[in-house]
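This briefing is meant to be read with the sequence and the structure side by side. Find each named residue in the structure as it comes up.

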Amino acid sequence: MRQLLNATPPWLLIAMCFLLFAGICAATRAIVRRRTTGQRREDVADYAGSLLSAIGATFAFLVGFAITMAWGAVNSGQDAIDSLAASSQQLSWSSGNIADTRGAAQINADLTAYLNAFVARDGAALADGEVTPLPTAAEFGKLQDDVHSVAYRSGDSVPEASGMVSAAAALTAAQSKVTAVAQRTLPALLLVLIFISGGLLAVAMGTAAATVERPTLMYGWAFVGALSLALVLLLDYPFGGGISVNLEPVAQVARAVAG
């Protein structure tokens, strides 16, 4: 399911949601018009119209709650990526201030390789939630090993080397947060409730429009409902879909370190 949503363009997802809601509305309206006439149709339409506010409020609440949860996950993921980029920048700066120029060059080479691999390979794994292990586990392990090897090569730790080790530890913490956020997703029950309430609202909308010859507003609501549902689905996975965490800060640091 995650891979399918990540591979679906936003416009196609919106179109599919619109067809779902519009189809339910149109089918319900057609059934009511076919099976009821006169006063009976008026009564059914009035009854459905009286329920629209309550059902609509439920749908709006569930969608708003889901968007808040999903957007919070995206923000957390972006904060983690920013922390990873900042820690990488700090590690590069600290390694450039140690006396061991050869060791500093090795650390920066390892850091560049890791950051480039992170953008190229980890992005897809994070989008799919496959984080155990990440594709860059080898590059990250080599970077950490070389940092500690260079920092304590002389048998003691100068302030610059200590800063380098601290930056490497912060990088580890940032990566851990990135992998944790990548596994976040909306509860399945919440998505089921959104679909059920949206479908019920579409039924009520189609029933209420049974007495109208040209129910333009019914299709207008179907489009708005489709946008709302599509937004929930697009935000569901922080590192995938049409609205996701931006890895560009990491790419910028990689270019800066390499340069």
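The points below cover salt bridges, helices and surface features.

The model is a predicted one.

- Glu139 and Arg121 form a salt bridge in which the closest N and O atoms are 2.9 Å apart.
- Glu139 belongs to helix H5 (residues 137–151) and Arg121 to helix H4 (residues 101–128), so the pair ties together parts that are 18 residues apart in sequence.
- Glu139 counts as partly exposed because its relative accessibility is 23%, a value between the cut-offs of 20% and 50%.
- Arg121 is also in the partly exposed class, with 36% relative accessibility.

- A second salt bridge joins the side chains of Lys142 and Asp146, at 3.0 Å from N to O.
- Both Lys142 and Asp146 lie in helix H5, where they are four residues apart, about one turn of the helix.
- Lys142 is partly exposed, with a relative accessible area of 42%.
- Asp146 has a relative accessible area of 18%; buried means under 20%, so Asp146 counts as buried.

**Another salt bridge, and a network**

- The side chains of Glu248 and Arg255 meet in a salt bridge with an N to O distance of 2.6 Å.
- Glu248 is partly exposed at 30% relative accessibility.
- Arg255 has a relative accessible area of 51% and is classed as exposed, because the exposed class begins over 50%.

**Helix H6: Lys177**

- Lys177 is found in helix H6, which covers residues 159–182.
- The relative accessible area of Lys177 is 38%, which makes Lys177 partly exposed.
- Lys177 and Ser76 are 101 residues apart in sequence, but their C-alpha atoms are 8.6 Å apart in space.
- Leaving aside neighbours within four places in sequence, the contacts of Lys177 are Ser76, Asp79 and Ala80.

- Helix H7 spans residues 188–208 and contains Leu193.
- Leu193 counts as partly exposed, at 38% relative accessibility.
- Together with Leu189, Val192 and Ile196, Leu193 makes a nonpolar surface patch of about 370 Å².
- Ser197 lies in helix H7 as well.
- Ser197 is buried, with a relative accessible area of 7%.
- A polar atom of the Ser197 side chain lies 3.1 Å from the backbone oxygen of Ile194.
- Not counting residues up to four places away in sequence, Ser197 touches Ile55, Thr58, Phe59 and Leu62.

- Helix H8 runs over residues 216–235 and has 20 residues.
- From its first C-alpha to its last, helix H8 reaches 29 Å, close to the 28 Å expected at 1.5 Å a residue.
- The buried residues of H8 include Met218, Trp221, Ala222, Gly225 and Ala226.
- Further along H8, the buried residues include Leu229, Ala230, Val232, Leu233, Leu234 and Leu235.

Technical notes. Residues numbered from 1 in each chain as written. Predicted model: local features only at pLDDT ≥ 70, side-chain atom pairs only at ≥ 80, totals over all residues. Heavy atoms only, no water. Patch = residues over 30% accessible without salt bridge, like charges linked within 9 Å, V, L, I, M, F, W, Y side chains within 5 Å. Areas by Shrake-Rupley, 256 points an atom, 1.4 Å probe, with all protein chains shown as cover. Salt bridge = Lys/Arg side-chain N within 4 Å of Asp/Glu carboxyl O. Helix = DSSP H or I, 4+ residues; strand = E, 2+ residues; numbered from the N terminus. Buried < 20%, exposed > 50% of the residue type's maximum accessible area, 1.4 Å probe, protein only. Polar contact = N/O pair within 3.5 Å; in protein donor to acceptor, adjacent residues only side chain to side chain. Contact = heavy atoms within 4.5 Å. Expected span 1.5 Å × (residues − 1).
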